[in-house]
Amino acid sequence: MNLPPPGIIWNSLPLPALMLDVNDRVIEINPAAELFLNLSARALKGQALGERLAISAPLEEIFARVRKNRSALFVNDVDLTTGERAPVQCNLQAAPIADDPETVLLLISPREIADRLGRASMVKSAARSAIGMAEMLAHEIKNPLAGIAGAAQLLSMGLSGEDLELTDLIVDETRRIVKLLEQVEQFGNVRPPEMKPVNIHDVLDRARKSAGVGFGAHMLIVEDYDPSLPPTLGDADQLTQVFLNLLKNASEAAKGQGTIRLRTFYDYALRLRRPDGGGQRLPLQVEVIDDGPGIPADLASSIFEPFVSGRENGTGLGLALVSKIISEHNGWISVESAPGRTLFRISLPVAPKEL
């Protein structure tokens, strides 16, 4: 059996990996690490690791022990950031190179992917159960509300002053609740997607133009596209609705004043495990990034669940609908948030070539 050259093995490693010299300076970085850190090999090579990455672990002590003992060392649950993204919890593995023990190999295992996929599965299940309950409640509540509003209007005919204000309040509040219930019914009645090959940049342009003449008129929307992306398999109208919702959320979070960045790129390493045990690659990545205040920490883990909202008058259905649509497109959505930067990432499959 002929083994592939070391360079091919290094470039094929699915985990982010770096090699450090005796002074803990980066001498090699693999493509997976470039993608994960969003830093090029040219920018990192020759740099001290601690100057480019913030890691909540005593790196110098770790590397010194690895070199002294000439054995691997594992460090779990470490926060890592480049300063340009929210901290990501990772597991680290440091080991000496066999024929050069002063050189250390550092492997980074991000926990975010597994955690997010687990959350996506739970959100999908929660959304299904909430949809049935919401539709039933909406149907049952709308009928008596109509009677309440009608009775209040009849009472108002013989009233004046403060009493009339009270009946008007009853009518206004019942109408507001009916509108909310109609949104709930709409959430449950989204038709199955009509799957066709779709250029994701065409979808983003439709959403951007619509936002630009409406709720996002005063936002700066920046495009950072990879024009080489192949088509995805999806429903263009429903995907447009997804990105309109995300753009609207970003605009409202920034109170109409700020920057939204739309970024697309290709990451072949991401794979979603299906219920039948098989896997599906989700290489098409779309990010919607805003510079608003961020998602409250107590809501971050449940932001895609129905009726969870960070806004005072929010219904909590917008992101739940987004999650539902993306799940039905066999994709997944995740979020990273910190004050001044919130990133929603949508991962989608590539359309089969035969379509």
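Me: Buried means under 20% relative accessible area, exposed over 50%, and partly exposed in between (1.4 Å probe, protein chains only). With that settled, which residues of helix 5 are buried?

Reply: The buried residues of helix 5 (residues 59-69) are Leu59, Ile62, Phe63, Val66 and Arg67. Helices here are DSSP runs of H or I with at least four residues, strands are runs of E with at least two, and both are numbered from the N terminus. Keep in mind that this is a predicted model: local features need pLDDT of at least 70, side-chain atom pairs count only at pLDDT 80 or more, and totals for chains, interfaces and linings use all residues. Residues are numbered from 1 along each chain as its sequence is written, and side-chain values use heavy atoms, with hydrogens and water left out.

Me: Why do those buried residues end up on the same side of helix 5?

Reply: Because Leu59, Ile62, Phe63, Val66 and Arg67 cover an arc of only 130° around the axis. The arc is that of the directions from the helix axis to the C-beta atoms. On the other side of helix 5, Glu60 and Lys68 are exposed.

Me: Nice. What covers the buried residues of helix 5?

Reply: The cover includes strand 1 (17-20), helix 4 (49-52), strand 3 (54-55), strand 4 (73-81), strand 5 (88-97) and strand 6 (100-110). Contact means heavy atoms within 4.5 Å. Just after helix 5, Arg70 has a positive phi of about 50°.

Me: Switching topic: what's the strand order in the open sheet?

Reply: The open sheet has 5 strands in the order 8-10-13-15-14, with mixed pairing. Strand 8 (219-224) and strand 14 are at the edges with a single partner strand each, so one side of each has no neighbour in the sheet. From one strand to the next, the twist averages 15°. Two strands pair if DSSP finds at least two bridges between them.

Me: How many bridges link strand 14 and strand 15?

Reply: Strand 14 (residues 332-338) pairs with strand 15 (residues 341-348) over 7 bridges, in the antiparallel sense. Ser334, for instance, has Arg345 in strand 15 as its bridge partner. The two strands form a hairpin with 2 residues between them, and Gly340 in the turn has a positive phi of about 95°.

Me: And how many residues of strand 14 are buried?

Reply: 5 of its 7 residues are buried, which leaves strand 14 mostly covered.

Me: What about strand 13 and strand 15: parallel or antiparallel?

Reply: Strand 13 (residues 284-290) pairs with strand 15 in the antiparallel sense, over 7 bridges. There, Asp290 has Thr342 in strand 15 as its bridge partner.

Me: Which strands does helix 9 lie across?

Reply: Helix 9 lies across strand 8, strand 10, strand 13 and strand 15, and runs at about 25° to strand 13. Helix 10 (residues 318-328) also packs on the sheet, where it touches strand 14 and strand 15, and its direction makes about 140° with that of strand 14. Axes are lines fitted to C-alpha atoms, for helices over the stretch in contact, and angles run from 0 to 180 degrees between N-to-C directions.

Me: One more: where is Gln257, and is it buried or exposed?

Reply: Gln257 sits in the loop between helix 9 (236-253) and strand 10 (258-266). It counts as exposed because its relative accessibility is 58%. Leaving aside neighbours within four places in sequence, Gln257 is in contact with His218 and Met219.
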